Amino acid sequence: MTKKILIIEDDIHISKIIKMNLNLVNYDTTEVYDGLAAIEILKREKFDLILLDVMIPHLDGFELMERIKPYGTPVIFLTAKNSVYDKVNGLKLGADDYMVKPFEAIELLARIETVLRRYGKEERMMEFQHVQVDLDKREVLIQMEPVELTPKEYDLLVVLLKNKNIALTREQFLDKVWGGDYYGETRTVDMHIKSLRKKLNLQDQIKTIYKIGYRLED
Amino acid sequence: MKLWQKIYLLSLLVFVLIFNGASVMVIERTHNRMLNQAIEVALSQNMSIHSSVDAIVPILRIYDSLDYEKTVLTSMAKQFVAKNSSQGIYLDITDGASRTIFNNADFGMPQARRELENLDNSSIHYILRDVGDRTILFTVNHAQINQKNYVFTYMKDLTPVYQDRIEQYSFFAKVDSAACVLFMIVMFFVSRGLTQSIERLNRTSQIIAQGNFSERVKVKSRDEIGILGSSFNEMAEVVEDKINELERNNDEKQRFIDNFTHELKTPLTSIVGYANFLRTTKYNEKLFLDALGVIYDEGKRLEALSLKLMDLIMLKKEQFQMERQEMRALLLEMKPTLEMMAKEKEVIIRLDCQEGRLELERDLIKVLVFNLVDNALKASFAGGTVTLRTYWREGSYVLAVIDQGIGIAEEHLNKIFEPFYMADKARTRSSNGAGLGLALCGNIADIHHAVIRVSSQVQQGTTIEVVFATEGRGGGPE
């Protein structure tokens, strides 16, 4: 089931770019541009997660946070302010995470995923065309047949699936799969991508993007 | 040691010294007087004995008998002693060979008698001696009877005089201790009372030092400490005002920085976000053009923001060279540019100006007019009019920019001069505004000692008046 995310952000351009990025990875999005509209829509609809800008008209993000609390919906603050006071204040009010503008799309996606997982709302099964992934069992199936993957290949596949349609650089892959402390060569990523393409028959879907890295496209 | 303790101990010390000293002096003086008096009396008694002996000398000379002399002298002495029996008076008469002729003393005569040395006929010597527990005055003189020397020693017991002194002292000791106790009690309260207000002052200053700047001293007296208290309060008042002002300034700056980072980061977030989106996702022509449009718009917004910000910074730093300028000519000069701006929105610019020579900074006034007209145009509907009027009113020169646009809601009116304040965010942003225009105008007006007044009605239009006060500046209609 696709997750519904409410974007409360008064800057239309920012709201739209967030929406575009979330839609790429199959989240359902609703945009509202001020605090009062947010309260209205929360009365009618249920969301899996709320992205909340602090500086919005009518009711600011902190005030709105108090009104959101009773719904029990996880909240990630988006804001231009990065003072410690604001962070603490935001988290104290019950926000689940805090993102300071400007931010990168994949960073936002990763945070959203973390928060959703914390609330047990993460999909445990992922599907991409003929490939199925069982996150609990760390198992990859093609037409119900398990495929043998090394742990790194498996992690790389999951990163590709989670950032579907978004190109990631080799450095980003290294960071997400091998961890920030790994000072490996970017060639390692190329090797694993090559092997994934072969094992899962994803030659066309895993695209090499010039000057950037790789992208999983449907 | 505390001040009140110092005052207390010092005054106590001074009191004890002076009071005791004075009392001792008085007692001693009285005693000496009494003693002298007693001595005088004794001497005159002695003299009277001497003279009565002198009176009988001729008779004794006739008889010239030693025994007779002795008998006469003894009987005289007895007579004298009997007359003064109760007054502790003793008489001793010895002849030239120190044989006692008469003595009624109830104590032994001393062996050494210094008073007898160098005693001649016409003088009387006296000395005070302690005999047992008594003090006896010895007065001596000679009498020559028939070529024989007789020594008369007249003695008086002066113990009562000394006893009197002791009594005086013991009485004084009682008075002294009572006075001291009384003084200590009174002085305790006096010194505490005097220093209490200082203590209060001290407590208050400590409270203020802890950051409670609204604390004040209660001034009760009008002496020096009272005056100190009120000066202290005045000082605290000034400090509090200053601190409040600093806090206000600080808040203002913080707000400016918050707003500024917000205004800076919002376009940056869009630019980075859209650029990254284009970079990392599959090409789609519509999205591509949309995203490029956003990047261009947000870039322009940043450009406008940085220009306005530079103007604002410049205004805070520079000293401006004011010159006498004619406002109407200046506005006419700007008219073509303003009309160009108005054309885009299909608005008509109207000028209705009286002449006025004022102390102006040309470029700043241009920025001011440009911003005000720009705001008016943004608020106007197509086909509307923006009027620029200048006229004299009660000695002030007024520059008014009048539009028939959307107006400003009352809740926004007092905030529109704050940097980055936008009454309508979406609209301001869509026209590349940063919310700095009016803040800039406010600063320019300040530099010209002018006041900006805003009156507005929603959906009716806004009138912004810049009132140049010319009083004392020698301006006026020409």
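This is a predicted model: local features need pLDDT of at least 70, side-chain atom pairs count only at pLDDT 80 or more; totals for chains, interfaces and linings use all residues.
Residues are numbered from 1 along each chain as its sequence is written, chains are lettered from A and ligands numbered from 1 in the order in which they are written, and side-chain values use heavy atoms, with hydrogens and water left out.

Let me begin with the place where the chains touch. Counting a contact as heavy atoms within 4.5 Å, 24 residues of chain B are in contact with 26 residues of chain A. The size of an interface is often given as the accessible area lost when the parts come together. Here the buried area, meaning the accessible area (1.4 Å probe) that two parts lose on being put together, summed over both, is about 2,300 Å², and carbon and sulfur atoms give 59% of that.

Polar contacts, which are pairs of N or O atoms within 3.5 Å, where within protein one must be able to donate a hydrogen and the other to accept it, and where residues adjacent in sequence count only if both atoms are side-chain atoms, join eight residue pairs between chain B and chain A, both residues being at pLDDT 80 or more. On the chain B side, the elements that give two or more residues are helix 4 (224–280), helix 5 (285–317) and helix 9 (425–430); helices here are DSSP runs of H or I with at least four residues, strands are runs of E with at least two, and both are numbered from the N terminus. Helix 4 of chain B supplies the largest share of that side, 15 residues.

Which salt bridges cross between the chains? A salt bridge is a side-chain nitrogen of Lys or Arg within 4 Å of a carboxyl oxygen of Asp or Glu, and there are three between chain B and chain A. In another, the side chains of A:Asp11 and B:Arg301 meet at 3.6 Å, N to O. A:Asp11 lies in the loop between strand 1 (4–8) and helix 1 (12–24) of chain A, and B:Arg301 in helix 5 of chain B, so this pair joins two chains. Both A:Asp11 and B:Arg301 are buried, where buried means under 20% relative accessible area, exposed over 50%, and partly exposed in between (1.4 Å probe, protein chains only).

The side chains of A:Arg118 and A:Asp96 meet at 3.6 Å, N to O, linking helix 5 (residues 105–118) to the loop between helix 4 (84–92) and strand 5 (97–100) of chain A, 22 residues apart. A:Arg118 is exposed at 51% relative accessible area, whereas A:Asp96, at 14%, counts as buried. In chain B, B:Glu465 and B:Arg393 meet at 3.4 Å, N to O, the former in strand 12 (residues 461–469) and the latter in strand 9 (residues 385–393), 72 residues apart.
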